[in-house]
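User: I would like to learn how to read the packing and contact features of a model like this one, taking the general idea before each case. Could we begin with the helices?

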Amino acid sequence: MSEESDEETPLLSSVIQREGSIQSNITRINKLPGMHIRCHLIKSDGSLAECSIDECFKKQPSKASNKRHHYWIDIDAEVDEAQLHGWLNELNLPNFAIDVLASPPEGWASQVIPLQRAALAFIRILPHISTSDDLMHSAALHMRSILLTFTSSPRAGGLYQQILNRMKQRLTAASSSGALMTWLGFHLDRTSQETRMLRSTVLAMDEAMDRSITSVELDEIIQAKDQLLRLLAVAEEQTECLESLIEVRVEGLDNSMARVQASLPILLATARATERLALRLEKQIVDLRHRSEGHEQEITNRRLAMLTVLSAVFLPLTLFTGIWGMNFENMPELTEPYAYPLALMFMICVAMLMIFYFWKSGWFR
C-alpha cells in the first residue's frame with residue numbers, strides 16, 4: 001500500500017492557480033476522518049514511487065527545464081456530506097462541481113468540466129462486485145503535472161490496488177496526462193471485460209436451451225438482463241465522457257495532452273465497442289426470454305388442451321347419467337336384466353371413440 005498523507009495536506013487551489021508554484025506560507029487543510037490520500041511520483045521511466053503529499057506540491061522546476069515532476073494522487077472519502085462540501089470548497093472549484101462531488105453517488109453524472117489550467121472529469125465506473133446495484137462514479141482532476149482521482153466511497157475488495165498495478169504495468173506516458181489515460185483505460189477495460197464475460201454466460205445459456213429448453217430458468221435470464229442493463233448504462237456514460245474529453249481544450253494542458261492525444265480515440269473506440277456488444281447482447285437475452293416464455297406458454301396450452309379433452313369426453317357421459325337418473329315411472333331400460341352393464345359398456349365406447357377422435361385430430365401431439 002502506498003503512504004497516506006499526514007493529518008494536514010496542502011491546499012490544491014494554489015496548484016490550479018499557479019501551475020504547481022507553492023508559496024512558502026502555504027495554506028493547509030485537515031484531513032477528514034474516513035479519508036484516505038495516496039500519493040505517487042511518476043518517474044521519467046514510467047514507473048511509480050510512493051511519496052508524501054508535501055512532495056506533490058513542492059515548487060516545480062522552471063518551465064524551461066525538462067525535469068518537471070508528475071504526480072498521481074488518489075483519494076477515497078466516506079465522510080459526512082457537509083464536511084466533504086467544506087473540504088472541497090477549499091480547492092476553489094466551481095460551486096456546481098463541489099455540489100456534485102459532495103453529493104451522494106446517485107447525484108453524479110458523467111461529464112467533463114474545463115477549468116482554468118485544469119479539467120475535471122466525472123465518469124461512471126463499475127462497483128467492485130459488478131452484479132451489485134450500487135451506483136458508483138469517480139472523478140479525475142487533471143492538471144499540468146498532477147492527476148487527482150477521487151471517489152466518495154472507499155473502493156472495496158482491492159479495486160484501488162488493481163488500478164495501482166495497472167499504472168505500474170501499462171502507464172501510457174510518464175506524465176499526469178499519461179496517468180489519466182491509463183486510469184480511464186482501466187475502467188473502460190473493466191467494463192469491456194465484464195461485458196464479454198456476460199456474453200460467454202449468455203452463449204452458454206443459449207447452447208443449454210438448444211439441448212433442453214427447460215435447463216435454463218426464467219429467473220436466470222432476468223438476472224442476466226438486469227446485469228446487462230447495468231453494464232450498458234456504465235458503457236453509455238463512459239462513452240459520453242470520452243467524447244467530451246476529446247473536445248475539451250484547457251489552457252496549459254494542450255501541450256501535455258498532445259503527447260497522449262492518440263490514446264483518446266482508441267479509448268473511445270473501446271467504449272463504443274463495449275456499448276455495441278451490450279446492445280447485441282440485449283437482443284440475444286430478449287430472444288432467450290421469448291423462447292423461455294414461449295415454452296411456458298406452450299406447457300400451459302397443452303394443459304388447457306388436456307382439460308378441454310377431458311371435459312369433452314365426460315360431457316356425453318354426464319348427459320346419459322342425467323337422463324337415466326330421471327324419476328319417471330315408465331323407463332323400460334331400468335327393468336332390463338343387463339341394462340346396467342350395457343349402459344357402462346355404451347358409455348365406455350362413447351368415451352373411447354371421442355378419445356380416438358381427439359388423438360386423430362392431433363390434440364395429443
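**Helix packing**

Analyst: Helix α7 and helix α9 (residues 263-324) pack at an angle of about 160 degrees, with their axes 8 Å apart. This is a predicted model, in which local features need pLDDT of at least 70 and side-chain atom pairs count only at pLDDT 80 or more, while totals for chains, interfaces and linings use all residues. Residues are numbered from 1 along each chain as its sequence is written, and side-chain values use heavy atoms, with hydrogens and water left out.

User: How is such a pair of helices described, and what orientation do α7 and α9 have?

Analyst: Two packed helices are described by the angle between their axes and the distance between the axes. Axes are lines fitted to C-alpha atoms, for helices over the stretch in contact, and angles run from 0 to 180 degrees between N-to-C directions; helices (H or I, at least four residues) and strands (E, at least two) are DSSP runs, numbered from the N terminus. Angles under 35 degrees count as roughly parallel, over 145 as roughly antiparallel, 65 to 115 as roughly perpendicular and the rest as oblique, and α7 and α9 are therefore roughly antiparallel to each other.

User: At what angle do helix α6 and helix α7 pack?

Analyst: Helix α6 (residues 176-211) and helix α7 (residues 218-247) pack at about 155 degrees, with their axes 10 Å apart, and α6 and α7 are therefore roughly antiparallel to each other.

User: How should I read aromatic pairs, and how many does the structure hold?

Analyst: Rings of Phe, Tyr and Trp (its six-membered ring) pair if their centres lie within 6.5 Å; planes under 30 degrees apart count as stacked, over 60 as edge-to-face and the rest as tilted. The structure holds 5 aromatic pairs. In one of them, the ring centres of Y357 and F358 are 5.7 Å apart and the planes stand at 65 degrees, so the pair is edge-to-face. Ring pairs also link F320, W324 and F346 into a cluster.

User: Are Y357 and F358 buried or exposed?

Analyst: Buried means under 20% relative accessible area, exposed over 50%, and partly exposed in between (1.4 Å probe, protein chains only). Y357 counts as exposed at 54% relative accessibility, whereas F358, with a relative accessible area of 9%, is buried.

User: Which ring does R38 lie over?

Analyst: A charge sits over a ring if NZ of Lys or CZ of Arg is within 6 Å of the ring centre and within 35 degrees of the ring normal. R38 lies over the face of Y160, at 4.1 Å from the ring centre.
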